[in-house]
Amino acid sequence: IIDLFRKDEGAFVSGEDISSEMGVSRACVWKSVKKLREVGYVVEAVPRRGYRLRSVPDKMYAYAITGGMGTEVFGKRSIHHYESIGSTNDRAYELAETGAEEGTLVLAEAQTRGKGRIGRKWISPGSGGIYMSLILRPRVETDEIPTITLIAGMAVIKAINSTCGLDAGMKWPNDVLVNGKKVCGILTQIKAQPDLVDFLVLGIGINVNTPLEKLPPEGTSLKTECSRHLSRTALIKQVLEDLEEYYFRFRKEAFASLRDECRALSLVLGKRVKVEQHHRSLEGTATDIDEKGALIVKTDDGKLRRVFSGDVVMCR
């Protein structure tokens, strides 16, 4: 029904046309409209004219996302939507362990135990952010996983730039920044054999319409940066479309085909950086991203160091 409303936005659609298009009774149409109203859709009904969609709720409902989305796999096979959940990554991991297929998507309006890297918490207040986790089964070796994190960042950047008109960039390995502040974080979790990945859960958190007072000092929201309220469902669709395109290229041609674009989106290459790791830190100039997704840092003694994980701080 929503798709029918969107074909001629703002116009009335007769109950008879809906009934005929869907192959159901007029009574069934009425019950469906009633259900839409119950979840926040404002649908006007006028005798002899039919129904007209006046407004939609700011919710990431599965049917709102799948309608008109141009993916083949991502979000097309199964979407699990929750008003609130501990962690979308945890739920997606559970589903993957029980055989959920590639492209299964978990979405939540809010998280109570949102996950960040290195055991940190991802602030996930309700009604404003995108909190999503996607199940992938790439059948690659474990040392290729960092490149999938970078691919996800590239997809988010491309979607933000095209949807919001902003100039986002990537702070290696998993942060997306706008005007120097963080709008998105990516968390990749895997289950693997010694060398081969069984499955991968790709968690993406984006501050879309989130009020600044609910975010940490280093964070910002897309609404703040572009000065307008944004459709989360439209952004999710674009992220999934861009991510699927990159992912299919990665599966077919490896990361080499995407490496130049990844470099171009990087905010750290050519900059002096400090990388904090578990047992050490190093400082130097970020010079490249290699074929496995590692950051190449040239230290002051002239040596090139491959960095696969750590917190990167851009030095003044």
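Me: Why is Asp3 called partly exposed?

Reply: In this predicted model, Asp3 has a relative accessible area of 44%. Buried would require a value under 20% and exposed a value over 50%, so Asp3, at 44%, counts as partly exposed.

Me: What makes Ala264 exposed?

Reply: Ala264 has a relative accessibility of 64%, and because exposed means over 50%, this residue counts as exposed. Ala264 has its place in helix α9, residues 259–265, and its C-alpha atom is separated by 30 Å from that of Leu196, 68 residues apart along the chain.

Me: How do you know that Glu44 and Arg54 form a salt bridge?

Reply: The closest N and O atoms of Glu44 and Arg54 are 2.9 Å apart, and a salt bridge requires a side-chain nitrogen of Lys or Arg within 4 Å of a carboxyl oxygen of Asp or Glu, so the pair qualifies. Glu44 belongs to strand β1 (residues 42–46) and Arg54 to strand β2 (residues 50–55), which means that the bridge ties together parts 10 residues apart in sequence.

Me: Are Glu44 and Arg54 buried, partly exposed or exposed, and how do you know?

Reply: Glu44, at 22% relative accessibility, is partly exposed, because it is not under the 20% that buried would require. Arg54 has a relative accessible area of 52%, and because that is over 50%, Arg54 is exposed.

Me: What separates Glu94 from Arg91 along helix α5?

Reply: Glu94 and Arg91 are three residues apart in helix α5 (residues 88–97), and so they are separated by about one helical turn. Their closest N and O atoms are 3.1 Å apart, and the two residues form a salt bridge. Glu94 is partly exposed at 42%, and Arg91 is partly exposed at 26%.

Me: How do you know that Glu102 and Arg251 meet in a salt bridge?

Reply: The N to O distance between the side chains of Glu102 and Arg251 is 3.8 Å, and because the limit is 4 Å, this pair counts as a salt bridge. Glu102 lies in the loop between α5 and β4 and Arg251 in helix α8 (residues 232–253), so the pair ties together parts that are 149 residues apart in sequence. Glu102, with a relative accessible area of 15%, is buried, because this value is under 20%, whereas Arg251, at 41%, is partly exposed.

Me: How many salt bridges does the structure hold, and which residues are linked in a network of them?

Reply: The structure holds 22 salt bridges, and Arg259, Asp260, Arg263 and Asp288 are linked in a network of salt bridges.

Me: Why is the pair of Tyr41 and Tyr63 called tilted?

Reply: A search of the whole structure finds six aromatic pairs. One of them is Tyr41 with Tyr63, whose ring centres are 6.3 Å apart and whose planes lie at 35°; stacked would need under 30 degrees and edge-to-face over 60, so the pair is tilted. Tyr41 lies in the loop between α3 and β1 and Tyr63 in helix α4 (residues 62–66), so the pair ties together parts 22 residues apart in sequence. Tyr41 is buried at 3% relative accessibility, whereas Tyr63 is partly exposed at 38%. Tyr41, Tyr61 and Tyr63 form one aromatic cluster.

Me: Why is α6 called oblique to α8?

Reply: The axes of helix α6 (residues 145–164) and α8 come within 8 Å and cross at roughly 140°. Roughly antiparallel would need an angle over 145 degrees, and roughly perpendicular one from 65 to 115, so α6 is oblique to α8. The crossing of α6 past α8 is right-handed. The residues that make the contact include Ile148, Ile151 and Ala155 of α6 and Leu235, Val239 and Tyr247 of α8.

Conventions. Residues are numbered from 1 along each chain as its sequence is written. This is a predicted model: local features need pLDDT of at least 70, side-chain atom pairs count only at pLDDT 80 or more; totals for chains, interfaces and linings use all residues. Side-chain values use heavy atoms; hydrogens and water are left out. Helices (H or I, at least four residues) and strands (E, at least two) are DSSP runs, numbered from the N terminus. Buried means under 20% relative accessible area, exposed over 50%, partly exposed in between (1.4 Å probe, protein chains only). Rings of Phe, Tyr and Trp (its six-membered ring) pair if their centres lie within 6.5 Å; planes under 30 degrees apart count as stacked, over 60 as edge-to-face and the rest as tilted. Axes are lines fitted to C-alpha atoms, for helices over the stretch in contact, and angles run from 0 to 180 degrees between N-to-C directions. Angles under 35 degrees count as roughly parallel, over 145 as roughly antiparallel, 65 to 115 as roughly perpendicular and the rest as oblique. A crossing is left-handed if the near helix is turned anticlockwise from the far one by less than a right angle, and right-handed if clockwise. Contact means heavy atoms within 4.5 Å.
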